[in-house]
Amino acid sequence: MVSTRSHPKEFPEPELTPTKSPSTPSRSTRKANMSANAKWAHTPSNLTILWLFISLPLVAWDTGYVMLRPHSMPGGSVHWPIWAPYELYGKVDYIYGWKAFNENNGFTAAQGALNIVESLMYLYYLYILFVDGKQVAKRGRGALSPGVLGWMGEQRYVDGGKGALAALVGFSAALMTLSKTVLYWLNEYFSGFENIGHNSVMDLILLWIIPNGAWIALPTYICYVTGSEIMQGLTMAAGGVVQSSDYTFLVKTE
């Protein structure tokens, strides 16, 4: 008796359709890859540095007047010529004039003491930028492009632990400046404008609001810029994806 072998199963029909090409990476995937192949750096614009070079001497001048009262006030032994402009300003803002001094108002000296702390922090911040950092002809964090701002739009670059320390010190000092200046304004508001309410509107705008407003606008800008950098650095350290189109703070490691 002849036995028959079982016929093997037929091979499946070959796939005739072409192999699909890999899909184009999504925008979020590209961002994730970019974050994975990059490291964080503190990249302030030269606009920030220029502001500090302008504001620090002015704050030192102001603090010297406050701490040397009454000798720095009109009629004092060191009033002229260094602090001669404060004869006018003491009439615009009584907190700097004889009224506050004779009433032993401590607010003026208290803000002067904080000015010293802030200035030391800013000086240390600049020290890190210039000793451990380098100038890079790329757009500084939070600034317009160098094509618009020129040198002021370029960045100072510091990475590693020194960059993190610079960002933390710069943010803390700017937040102190902003908080103190806002407190200065609120003190006037809640006291019924006791020290500046006697001025005309034009004098108030030109001699008080504009000069003091600079110490609100620029520290706010610095807080925003450095705060954003700190948040992005923490996000990267936690393994998260930085959801930002601004990668001026990142440097590719591959």
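A: Start with Gly106. This model is predicted, and in it Gly106 is partly exposed, with a relative accessible area of 46%. That value lies between the cut-offs of 20% for buried and 50% for exposed, so the label is partly exposed. Gly106 sits in the loop between helix H4 (98-102) and H5. Look back along the chain to Ile95. Gly106 and Ile95 are 11 residues apart along the chain, and their C-alpha atoms are separated by 9.5 Å.

Now step into helix H5. Helix H5 covers residues 107-132. Check its length. With 1.5 Å a residue, the 26 residues of H5 should span 38 Å. The C-alpha atoms at the ends of H5 are 37 Å apart, so the two values agree.

What does H5 pack against? One partner is helix H2, residues 46-67. Two packed helices are described by the angle between their axes and the distance between the axes. For H2 and H5, the angle is about 150° and the axes are 9 Å apart. An angle over 145 degrees counts as roughly antiparallel, so H2 is roughly antiparallel to H5. Their crossing is left-handed. By class, the contact of H2 with H5 has 16 nonpolar, 6 polar and 1 charged residues.

Next, the aromatic rings. The model has 15 aromatic pairs. Tyr86 and Tyr89 form one that is edge-to-face, with 6.3 Å centre to centre and 85° between the planes. Both belong to helix H3 (residues 86-92), and being 3 residues apart, they are separated by about one helical turn. An α-helix has 3.6 residues a turn, so residues three or four places apart point the same way. Tyr86 is buried, at 6% relative accessibility. Tyr89 is buried too, with a relative accessible area of 16%.

Compare this with Tyr184 and Trp208. Their aromatic pair is tilted, with 5.7 Å centre to centre and 40° between the planes. This pair links distant parts of the chain: Tyr184 is in helix H7 (residues 160-190) and Trp208 is in helix H8 (residues 201-237), 24 residues apart. Both Tyr184 and Trp208 are buried.

Conventions:
Residues are numbered from 1 along each chain as its sequence is written. This is a predicted model: local features need pLDDT of at least 70, side-chain atom pairs count only at pLDDT 80 or more; totals for chains, interfaces and linings use all residues. Side-chain values use heavy atoms; hydrogens and water are left out. Axes are lines fitted to C-alpha atoms, for helices over the stretch in contact, and angles run from 0 to 180 degrees between N-to-C directions. Helices (H or I, at least four residues) and strands (E, at least two) are DSSP runs, numbered from the N terminus. Angles under 35 degrees count as roughly parallel, over 145 as roughly antiparallel, 65 to 115 as roughly perpendicular and the rest as oblique. A crossing is left-handed if the near helix is turned anticlockwise from the far one by less than a right angle, and right-handed if clockwise. Ala, Val, Leu, Ile, Met, Phe, Trp, Tyr, Cys and Pro count as nonpolar, Asp, Glu, Lys and Arg as charged, and the others, Gly among them, as polar. The expected span of a helix is 1.5 Å times one less than its number of residues. Buried means under 20% relative accessible area, exposed over 50%, partly exposed in between (1.4 Å probe, protein chains only). Rings of Phe, Tyr and Trp (its six-membered ring) pair if their centres lie within 6.5 Å; planes under 30 degrees apart count as stacked, over 60 as edge-to-face and the rest as tilted.
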